[in-house]
Every structure is written in structure tokens, then in C-alpha cells.
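Colleague: I would like to learn how to read a sheet in a protein model. Could you walk me through one?
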Amino acid sequence: MSGLRVLVGCKRVIDYAVKIRVKPDKTGVVTDGVKHSMNPFDEIAMEEAIRLKEKSIASEVIAVSCGPPQCQETLRTAMAMGADKAILVEVDPATYEKVQPLHVAKILAKIAQENKIDLVLLGKQAIDDDCNQTGQMTAALLDWPQATFASKIEKTDGELKVVKEIDGGLETVTVKLPAVATADLRLNEPRYATLPNIMKAKKKPMDKKKPGDYGVEIVPTHKVIKVEDPPTRQAGQKLETVDDLVHKLKDQGLIPS
Amino acid sequence: MTATYIVKTAIISCLRTPLRSGKAFLLQARCLGHAKHLHTSAKRQKSAHVDLTSERYPKLQRGPFATLTDADVTSFERIVSGRVITEPSELDGYNTDWLRTVRGSSKLLLRPKTTEEVAAILSYCHDRGLAVVPQGGNTGLVGGSVPVFDEVIISTHLMNNIISLDEVSGTLVCQAGCVLATLDDHVGQCGLTMPLDLGAKGSCHIGGNLATNAGGVRLLRYGSLHGSVLGIEAVLPSGEVLDCMSTLRKDNTGYDLKQMFIGSEGTLGIITAASILCPQRPSAVSVALLGCKTFQGVLDIFKQTKRQLGEILTAFEFMDTASMELIGENLRLSNPIGASPFYVLIETGGSNQAHDEEKLSGLLEGLMEKGMAADGTLATEMTKIQAIWSLRERLAEALLHDGYCYKYDVSLPLSAFYQLVIDMRQRLEGAATRVVGYGHVGDGNLHLNVTSPEYSQRTMDLIEPFIYDWVAKQKGSISAEHGLGFKKRDFIYHSKSTSAVTLMKQIKNLVDPKGIMNPYKLLPSK
């Protein structure tokens, strides 16, 4: 059997080191002029795909991103890491605000079918909306088995053995290929793209598509009512002595007086 | 091992609720040991005993100062009520330097909030003949900010008011106890940046930065504090307030007295406030890490980098392979590129990401093609930029894990720059755990560090005065940016002429006739 064809989702999100600011009208967060990077869990998925290729388990790794034109940078990063080619499903910034996991899942499913993909590898969730839905929905749409929250992936004959961290221990599942898998934090530590690979990535092919090309119309299925800052933590109080502390706790009724 | 514990907690909590915010989890799991934690984590690292300075240096004589009495404490209680600390366990951290190499035996810590309180304290100490030591974040590297004997410690911790920020001129006015990182965050909100940046930014105070004329990684771009400080307010040893708080860029009216306080290491008075010119914060930052085979290769890259990056270059740092091994072994930070004898870190900061990236990739492509760089990576994402910077910025912390660190910070002509590390390594064969070289190669500033499991007089005798003689022969400076403090004051003549030191002594006598301001520091003992 020839190597697997792997499709990896690479979402462009606000860099996790950036302090998030909510828009004054509470419709979302400020994204203009804010540093973006690849969703860290997608980066882990990409790393895993490249490792599969290095072990000759995978034959081709395709990176895909749905979003505004700037997603090209994210895809170049993916190709600098080692993806062979990329597909940008371009959505204009205004429409992008309406894109939800179901739309992305439909697009990914279609691309997977068109490209004869054996394994769709995604991050378990994106750090911007924390939806944790796209992988599961993609599997459902394709009617493929799913292995989510992978912390270890092994290929056995025609099957994938995936270990995931659950309450109280580890769970091992095996799925038949083709399948969808999503990456958890400890699956691997993503590499830094080296300079020669960054340069090579500039010459790798990138297809530009529209959601319409995959028969997907961006109509939101649910509505965001409002986005708010988390409540600010009340400042603590410094007490001079243990007696003060005991007193205070008694006053608050936290210990019997 | 606090850090490990936190990681475990984070992992467990994430396991419980796999759907909790991915961002929050990543921040928790990956940002540990960020510069902000540097200070505390290193302190907690070892509770090993630090010798009293007076015991380690038995020839040292206490100056003719008064000894603290209960009546003094009562008087201070009147000046800074509730902010007089005499509890020995609380004083311990203030008596010991960050490197855990010197320890004083002060019985008193004062925490003033205002210039008036500082003036009242100094006036009292002056009358009584009590010696004092000013202290900021206590991140100094030459034993300059801790007492040698029983000097009264005056901490700027509570003098942390940001007074004003003029967004048009970029002038920041603040009290001396503001933490550098806090100031940088504050001016960052207006699109400005502090003109200096250093590894200890999460703990160090701006007053201490000024008093030691701190350098750091951005000096290459923004120049020294002598240029960016517009005004200083200081309290003289007599208690008199010296107001040089100009906010003007140009002011040629007589001697520029504030300059004297920059780099005075607390020997002329206590800086209480300053006005600082803040440059525009670059909106686009990129960092490249390159590997190269020889030190000459580092210099060739530097030349080429200046030519091609010119105005957007913010930092050019180098570290040798021993430094990379150190950070890997002691802090478990991994090297993102292949092993090389030398590494170069280049940072650019500009106003247009696309332009800067184009310039930077042009440079990098050229370096790779010509074989000047053996390997490398380029980061434009904040997370990766921080990760690469921590390889360089956390070296000082990594060194402490070896035990005792003999720290040297010298300026050298670039032609002789790395030879010093090679010579020292040869000389210390078998007498040191490691000898590492890194630093601000763009400024001709080498950080040479030697470690051993504990303080060894034999190792010390092999290093000093050999290293200072070596540097003097090359017409270098024995202290590029750390100052002289307690540990290097007797080597001042290696870098300054007799006439210069004589004038320094005269100035000191004029400003501080009783010698109560940070005694045993900066000026030579003889």
C-alpha cells in the first residue's frame, strides 16, 4: 500500500501571547493590527503529519486554511515546516466573521474526498473560539471514524492506534482508515522552520479556492449574542498578623467564631 | 521545584476539563519561567548558605560610621511609619544579592514612598553618621545594591508611581521604584517603548537602571541612558533635593549634573524620579537565530546585517555552543536549530511587517547562499520570538544552577573579542564547571561567565587579576554595563586613569563628605 495522503487544518488565530481586547460594541474581539499565528493545536497536528511523512507512513501532506487572504502566511509557515502543498479557501474578512465550525467541516470533508485523503489531522480545538467541533463534524460528514485528543498516534496495518489522555489514565482507540484525528497538547513539540525550508516553501504550490467551489454557503447556524471580558479579579488584601486573618475569616463567616 | 509542580497542576486540570480554554492552558503550560519569574525562581532554587561579605573578605574594614540604636529606629518610625523593617528573616532577601555571592548584615530596611521621606531619612542618617545603601529590584551583578556591613537599606519598592506620559514628545516621568516591565507595558499602550530592555526587566527598578547605567539588548538601537534620560531628581546625602527634572531634549545651561548620577551606583545620592524619552514601539518585530562555524563568521554576519538591515536592526546578540549546552542542560530549553559552534540572534523592529520581512529574508537568503550561516530559523510569531529570546535572556539564570558563578562583563575590540573566552577556558581547565561566552556583540560587550559547584578561592585566583590585565592590555573596559559595585571597584585603574579616579574621589568628597552613601562601592579601597 502506498503512503497515506494527509490533510491538515491550519487555522489562523490571534497569537496566544497577545492580550485579547473585546470590541467596544461587544460583537467580538479586536483583530485589526493584532499579531496572528497558526493555532497551536493545528501546529501540533502539522508536526505529526510531517513526522508521519518522515517515517514514510505518509506520502503527501496538504495544508488547508479557511479565512482572509492573510491565511496565506499561515499556510507558508505550514509549508516551511514541511507540508507539500496548500489550499487556501479564501473568505473575505466580513464573511469570515460568520464562518462557524460546520462550514469549515463541510469544506474539509469535500477537500478530503476530492483529494483522496486517508487521514484528516486537525487540532483538538482552536484557541480563539475554543469550539472543539470541527474534527468531530468532519468525521460525521464523511462518515469516517474519529480519534480525538490524540497524545500518541501509531500506524498499524490499515489502522491507526491513538492514545488519548482521559480522567484517571490513558485510553487507546483504534480506527480504520480513512479517519479523522485531532491533536492534543502533548502529542509532540512542533519544530521551528529552518531557513532553507522557509525559502523552499515560497516555491511550493498554493491553490486558491472559494467556499462556493465546495458547494458551501456561509450562512451562520447560530448567533453570537455578545462577547464580554471575563470578570476582573478583585484585588487581594494584605493582613499584618495571623490574628487579623483569623478575625477576618470569622467576620466573613468562613470559620466558626 | 515550584515550576514543575505548576506544570503538573496545569496538566491535571486540563485533563479534567479538556474543553477549557486552550489559550489559557497554553499560556499556563508554556509561559512558565518567563523573565518575570526569573528573580523568585532563582532565589528559591537554593537555600544554600551565603557567606557574610565581611567574612569572605576578612581584610575589609568597616568605615567609621555610627551603629544603629533603638532610638534611631524610633526616629525612622516617625518618618516612614509602618514601613520600618527590622525582622531578620524579612531582611535576609535584602541583605543578599541576586547571584547569592555577597551578604551584608543590615538590621534595618526603610521603605519610603516620597522624595520628601527619602530626604528626611538621608538628613537624619547624615546627622547621625549612619551609612546607607539604596536598593531597587536587587538584580545587580556586582554586589552594589546590598550592604557590605550593617548599612541601612533604603528600598525604592514603594516609590512606584508613574507620574506622567506625554504622548507627543514620548516623555515619561516616573518615580524611581517603577519596575522596568511595568513601565514598558504602560508606555506600550501609547505605542511607545522603553529605550532599554534587559533580562531582569520583570524585577529591576528604573532608579537602579539609571544608577548603574544599565545597558541591555536594545542599546545597539536606542543608545545608552546618557542619551535617553532627560531629567533626574535625586536626594543628596545631606538630605537636600537636587531638582534636575527637565523634560526638554535640549538644554545647554551649565554642567549637565544629571549625567553624574547615571552610573554613580548610589554613591552620590538616591535617584528618586526621572524623565525618560521613549522611542516609538516597533509594530513589526522579527527574530532570526543563526548558527555559524567561527567567531569571525559572527563578525562577518554582523557587518552584512548592518549593511542590509540598517535602521530596523534592534539587537545583535551572540552566544557560544557552551551557552547553548548550558541552557539545554540547566533549564531544558531546546535549541531550535542544529548544533553550531556559535549562534547569532538578530532582532528587527520596524513599522511595516511586509517591508521588514522582505529585508530580513533578503539578508538571510544571502547569508545562506554564501555559506555564511550554517543553519537558522526565522520567527515572526510572538510565541516563537519569546522562545528564541529566552535562550539568550535566561542564560544568567541558567548559570546559577551550576552553583557559584564568577561573572565578568567586559568591553573589547571585536578583533580580540572571543579570544578571551578561549584563553580563559584553557587557563581554567579542571578548575571550573564551565566557561561560557555570550553577549552584545553589536556593542563590543562580552559576558564571560565561569561556574563551579561552590565558591573556590583557587578558581578565583586563576581568574583575577588575570582577566582584568588581559582586558586592559587590549584597551578594553573591565565593566561594560554591570558597573563596579563592591566586587570590581579595586580594578577601576585597569580602565580609568589616575587623574580621572582622583577627580571622582574629589567629587564624592564634595557631595558626600561623610561618605555615608553606599560605602565600599565603585571607588577603590585604596
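Modeller: Gladly! Let us begin with pairing: two strands pair if DSSP finds at least two bridges between them. Helices (H or I, at least four residues) and strands (E, at least two) are DSSP runs, numbered from the N terminus. This is a predicted model, where local features need pLDDT of at least 70 and side-chain atom pairs count only at pLDDT 80 or more, while totals for chains, interfaces and linings use all residues. Residues are numbered from 1 along each chain as its sequence is written, and chains are lettered from A and ligands numbered from 1 in the order in which they are written.

Colleague: How many bridges join strand S1 of chain A to S4(A)?

Modeller: In general, strands of a sheet pair through backbone hydrogen bonds, either parallel or antiparallel. Here six bridges link S1(A), residues 4-9, with S4(A), and the two run parallel. Within S4(A), Val61(A) is the bridge partner of Val6(A), and Val64(A) is that of Gly9(A).

Colleague: Which strand order does the sheet in chain A have?

Modeller: Nine strands make an open sheet, ordered S9-S8-S7-S10-S6-S1-S4-S5-S11, with mixed pairing. At its edges are S9 (169-176) and S11 (206-209) of chain A, each pairing on one side only.

Colleague: What packs on this sheet, and how do I read the angle?

Modeller: Axes are lines fitted to C-alpha atoms, for helices over the stretch in contact, and angles run from 0 to 180 degrees between N-to-C directions. Contact means that the C-beta atoms of two residues, placed from the backbone, lie within 7 Å. Helix H1 (residues 40-54) of chain A packs on the sheet, and S1, S4 and S6 of chain A are among the strands it touches. The direction of H1(A) makes about 145 degrees with that of S6(A).

Colleague: Why is strand S4 of chain A called largely enclosed?

Modeller: A residue is buried if 20 or more other C-beta atoms lie within 10 Å of its own, exposed if 12 or fewer, and partly exposed in between, with C-beta atoms placed from the backbone. Eight of the 10 residues of S4(A), residues 58-67, are buried, so the strand is largely enclosed by the rest of the structure.

Colleague: Where does the chain go from S4(A)?

Modeller: S4(A) is joined by six bridges to S5(A), residues 85-90, in a parallel run. Ser65(A) stands opposite Leu88(A) of S5(A). From S4(A) the chain passes through helix H2 (residues 71-81) of chain A to S5(A), a right-handed β-α-β crossover. Right-handed means that, with the strands pointing away from the viewer, the path from the first strand over the helix to the second runs clockwise. H2(A) lies across S4, S5 and S11 of chain A, at about 165 degrees to S4(A).
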